[in-house]
Amino acid sequence: MSRLLLLLPQLPHDPTSGAARCMRTACEFLAASGWSVRALATTATEAVDPVATADFLQDIGLAVTIRPPNRGVYRHDRPVLEFVDTFGVQYQLLDTGAFSVSSWQGEHGSQFNRLFQRELDSHRPDVLLGFGGHDSDISRYRRAKTAGCKVVFGLRNSSYMSARWLSEMDAVLTCSEYQRQSYLSSLNLESTALPPPINLVETIATGPEPIFFTAINPSIEKGAFFLSTLAEELSLHRPDLPMLFIESRGSGGQLVQAGLAGGFDLRQHENLMFAPAVATPAEIFRGTRVLLVPSVCDEAFGRVAAEALLNGVPPIVSNRGGLPEAANGGGFVLPLPSSLTLETRMPVSADDVKPWLELMLKLADDEAFYANAVIRARSAGNAYRTAVMAPRYMDFFNRVAGTT
């Protein structure tokens, strides 16, 4: 039986992090296929406000045991949360309190390193799957290699374009052909491109009739200065159509401020609604008619577009980065104005959002057009089903472990 250790600097179940969910789901694929899988991570998330992790995990059906710290020996130690998921993956999460994903290492890195060494000694993993580029993370990857592990790094964004230490990894997973080519061009880094694995139980929704035009994480990177104008124009032309914003790193307050910078106040429109981050994607798609993804940044992939397809929800995505690849012919790809960049701090013009608005209105009013879009979305989403993706991940990890 092959053994794998997942090493993450954050909560693997972090609802605000697609990267964390990808890594966790890949491990679930392996555990379901007979691998022995353990995970060492923290309770840190990318959410704006701290998450009550034990309560959150219990709310999603996990029986959590809290191991108290041994402060008689290590005065600053924190509790450790332990549980086993339905796939058999065994988790240890260091409770990092109010520290963020990027700030806990200085305060709690020593305890995390002791937990890590214990895993190397007792579990003796054949493969380590890791994510994170802090100096301490890199040191742990090197310790794992010294211990005889094959180390796989999961690349999920463009933040590592100068990380030459990636060449030390035994394998690198990228999440799209677009991302693979980007790292090959910038860093001469060879990698394997596999679409992000998706947990269908957490993703596919059942329930009320979908009504919302939904956008997730209205941050600058995800198009806040585009979405603010789009929301204003939709509200002026069709105040009967509801638009929902799911908060994450980007909040409703930030979207309102983006609008105010352009001289309009989104708070006056009753059709605009805001909701906090949710535990699973299914909760988003339960009420979503159309997904809006006007990302300004060059997305490595665009997991939310794939999740929409699996739900038969037509996504409208920008033409940047890997989003067109993620839409897989099952969504709509529209341009953003070339002047809209990550440095933009003013809403775009009404003319800039006109193609998006016109398509939204057609999807709202033309039932035959919408029904065909739903069929096309579901067909494209089949590429992301477990029956298709799990064998691809199994083949990759078996090759890394040297078992094929």
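Author: Start with burial: buried means under 20% relative accessible area, exposed over 50%, and partly exposed in between (1.4 Å probe, protein chains only). This is a predicted model, where local features need pLDDT of at least 70, side-chain atom pairs count only at pLDDT 80 or more, and totals for chains, interfaces and linings use all residues. Residues are numbered from 1 along each chain as its sequence is written, and side-chain values use heavy atoms, with hydrogens and water left out.

Reader: Why is C27 called buried?

Author: Its relative accessible area is 1%. The cut-off is under 20%, so C27 is buried.

Reader: What makes C149 buried or exposed?

Author: Its relative accessibility is 5%, so C149 counts as buried.

Reader: What makes N188 exposed?

Author: N188 has 64% relative accessibility. Exposed means over 50%, so N188 qualifies. This residue is in the loop between α5 (177–187) and β9 (192–193); helices (H or I, at least four residues) and strands (E, at least two) are DSSP runs, numbered from the N terminus.

Reader: Why is N328 called partly exposed?

Author: Its relative accessible area is 37%. That value lies between the 20% and 50% cut-offs, so N328 is partly exposed.
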